[in-house]
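Here is a friendly briefing to read alongside the coordinates.

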Amino acid sequence: MAGAGPLLLLLLLLLTGAGVGVAWRPPKGKCPPRCSCSKESALCEGSLNLPESFSPPLLSLSLVKTAVTQLKAGSFLKMPSLHLLLFTSNSFSVIEDDAFAGLSHLQYLFIEDNHIGSISKNALRGLRSLTHLSLANNHLETLPRFLFRGLETLTHVDLRGNPFRCDCQILWLLQWMPTVNASVGTGACAGPAALAHMQLHHLDPKTFKCRSIELTWFQTVGESALGVEIFSYQGEPHVMLAQPFAGRCLILAWDYGLQRFRAEEELSAPSVVSCKPLVLGPSLFVLAARLWGGSQLWARASPDLRLALLQALAPRRLLRPNDAEILWLDGQPCFVVADASKAGSTTLLCRDGPGFYPRQSLHAWHRDTDAEALELDGRPHLLLASVSQRPVLYHWVAGRFERRTDIPEAEDVYATQHFQAGRDVFLCLTRYIGDSMVMRWDGSMFRLLQKLPSRGAHVFQPLLIARDQLAILGSDFAFSQVFHLEPDKGLLEPLQELGPPALVAPRAFAHVTLANRRFLFAACFKGPTQIYQHHELDLSA
């Protein structure tokens, strides 16, 4: 029986206080009603309130079947000499902060067989001499973190007989037990069902999933956008938006005073579909892919200058650009622009002197909608998505891209994005009609891993934010869904919907970290760009 040991100890202390072999005598001094008192000990049964008027010095107090409903702060300030305090079969259910304040000499605290369902995290504060603590046989489903903080002298703790719910709220206790120089009796779990009746000391803290994340709205940028890119220039992160209706590429920077994003510079780009920044030392280049008027390259030679038009880009090949990406080939920076016209062709442009010029035409006549640069087997690869056929994978061989394979079972793919988790390379394929797909590279081709319903999707964007591998599936007809890669399963699991405010026709996502904060940008074609902040949640707190 959990309470038998303490009661025996109490009896011994009472005998010691009265003197072994000496008949009990009524003490000289005060003894409250419904209490039996010896020289240094008292036993109170059925008291309506906490008794206070004892003759000092009182070393041991036992309270049995009292009508007290809660232990409030400072309940024992008038008994500073207590060494032992025992509660059993009482009706109180709550122990407040600092309930035992002033008991700096208390060594034994037994709170057993009561109805306690809640104990405040600072309830035991100040008990710097405590060696034995028992909370056995109560109604405690959890214990607050840091309950035992400051109790450096503990040698015995008894928590048995409580209906503990073994979830994230109890994780701290599992982590604390191996670090303390005390014997701890913990008992078994009452729930959840999967852990019912399992001994707490058999649980592995590493199996608890007690960290989560949340994306909450932070700021709105008024104009619609088709693309968003993050780049660092002169040691500061920047954001670039492709805004076709405003006819510009807009650069945003962080305002440390206002703690918001503000416009820093813009360049004129009517009908722009993609603004791709490239930083080379002090120089900033921006490729503005435009539907009409030709694509252009803008440049800033140094931070004190503004962006200026540098050159027109492949006017005979880029007739209807839809996407642009940056890749490095043989140590040189290049752009690849996917062209969706029948007469144009997807084009690789590499640096030559001060500008960028066509190096190779790819995939002519296939109306490409998306280009994705990636590395496989230590070599540069390029994946092109098209409205006319399955995505095609190219690899870099002898100074040019050669077709390697296509993506099986991947018809009507609008766009592709890749991410890496450990040694595995994954591919997110966006489909406007049907299910979007997740594939994994097996060394020779991408194999189907997972399908996700995605009616009306134009973007399926993987993002690594802090240590969280996310993927966001944007939809024109429903809420955009955020998924989280579960490492144990190797699959994307639903995390949350983005909003409010709801995203209107999202087309691109990107994240930036600055000022110890993490932000997600959502570029929307039929509504304003929304900015969300990434928060880490500790479910064990």
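Is the disulfide of cysteine 166 and cysteine 189 left-handed or right-handed? The disulfide is left-handed, because the torsion about its S-S bond is about -100 degrees. Please keep in mind that this is a predicted model, where local features need pLDDT of at least 70, side-chain atom pairs count only at pLDDT 80 or more, and totals for chains, interfaces and linings use all residues. Residues are numbered from 1 along each chain as its sequence is written, and side-chain values use heavy atoms, with hydrogens and water left out.

**Confidence**

- The protein chain has a mean pLDDT of 92, and 95% of its residues reach 70 or more; pLDDT is the predictor's confidence in each residue, from 0 to 100.
- Residues 1–27 have a pLDDT below 50, and beyond near neighbours in sequence this stretch has 27 contacts in the model. Contact here means heavy atoms within 4.5 Å.

**Disulfides**

- The structure holds 6 disulfides, a disulfide being a pair of cysteine sulfur atoms within 2.5 Å.
- Counting bonded cysteines along the chain, the pattern is 1-3, 2-4, 5-7, 6-8, 9-10, 11-12.
- In the link of cysteine 166 to cysteine 189, the S to S distance is 2.0 Å. Cysteine 166 lies in the loop between β11 (164–165) and α2, and cysteine 189 lies in strand β13 (residues 189–191), so the pair ties together parts that are 23 residues apart in sequence. Helices (H or I, at least four residues) and strands (E, at least two) are DSSP runs, numbered from the N terminus.
- Both cysteine 166 and cysteine 189 are buried; buried means under 20% relative accessible area, exposed over 50%, and partly exposed in between (1.4 Å probe, protein chains only).
- Another disulfide joins cysteine 334 to cysteine 350, S to S 2.1 Å. With a torsion of about 105 degrees about the S-S bond, this disulfide is right-handed.
- Cysteine 334 sits in strand β24 (residues 332–339) and cysteine 350 in strand β25 (residues 346–352), 16 residues apart. Cysteine 334 and cysteine 350 are buried.
- The sulfur atoms of cysteine 31 and cysteine 37 are 1.9 Å apart in their disulfide, and this link is right-handed, with 85 degrees about the S-S bond.
- Cysteine 31 is partly exposed, with a relative accessible area of 33%, whereas cysteine 37 is buried at 4%.

- Cysteine 428 is buried, with a relative accessible area of 0%.
- Cysteine 524 is in no disulfide, and the nearest cysteine sulfur to its own, that of cysteine 275, is 16 Å away. Cysteine 524 is also buried, with a relative accessible area of 0%.

**Nonpolar cores**

- The largest nonpolar core has 57 residues, of which Leu61, Phe76, Phe100, Leu109, Leu143 and Phe148 touch the most other members. A nonpolar core is a set of buried Ala, Val, Leu, Ile, Met, Phe, Trp, Tyr and Cys residues joined through side-chain atoms within 4.5 Å.
- At least two residues of this core come from each of β1 (35–37), β2 (41–45), β3 (60–64), β5 (84–88), β7 (108–112) and α2 (171–176). The most come from α2, which gives 5 residues.
- Apart from this core lies another one, of 18 residues, among them Val228, Val239, Leu514 and Ala523.
- Beyond its neighbours within four places in sequence, leucine 61 has contacts that include Ala42, Cys44, Phe54, Phe76 and Met79.

**A hairpin**

- Strand β37 (residues 481–486) and strand β38 (residues 491–497) pair in the antiparallel sense over 6 bridges; two strands pair if DSSP finds at least two bridges between them.
- Glutamine 481 has glutamate 497 in β38 as its bridge partner.
- The hairpin of β37 and β38 has 4 residues between the strands, and glycine 490 in the turn has a positive phi of about 70 degrees.

**Around arginine 125**

- Arginine 125 is in the loop between β8 (118–119) and β9 (132–134), and counts as partly exposed at 42% relative accessibility.
- The side chains of arginine 125 and aspartate 98 are joined by a polar contact of 2.6 Å. A polar contact is a pair of N or O atoms within 3.5 Å; within protein, one must be able to donate a hydrogen and the other to accept it, and residues adjacent in sequence count only if both atoms are side-chain atoms.
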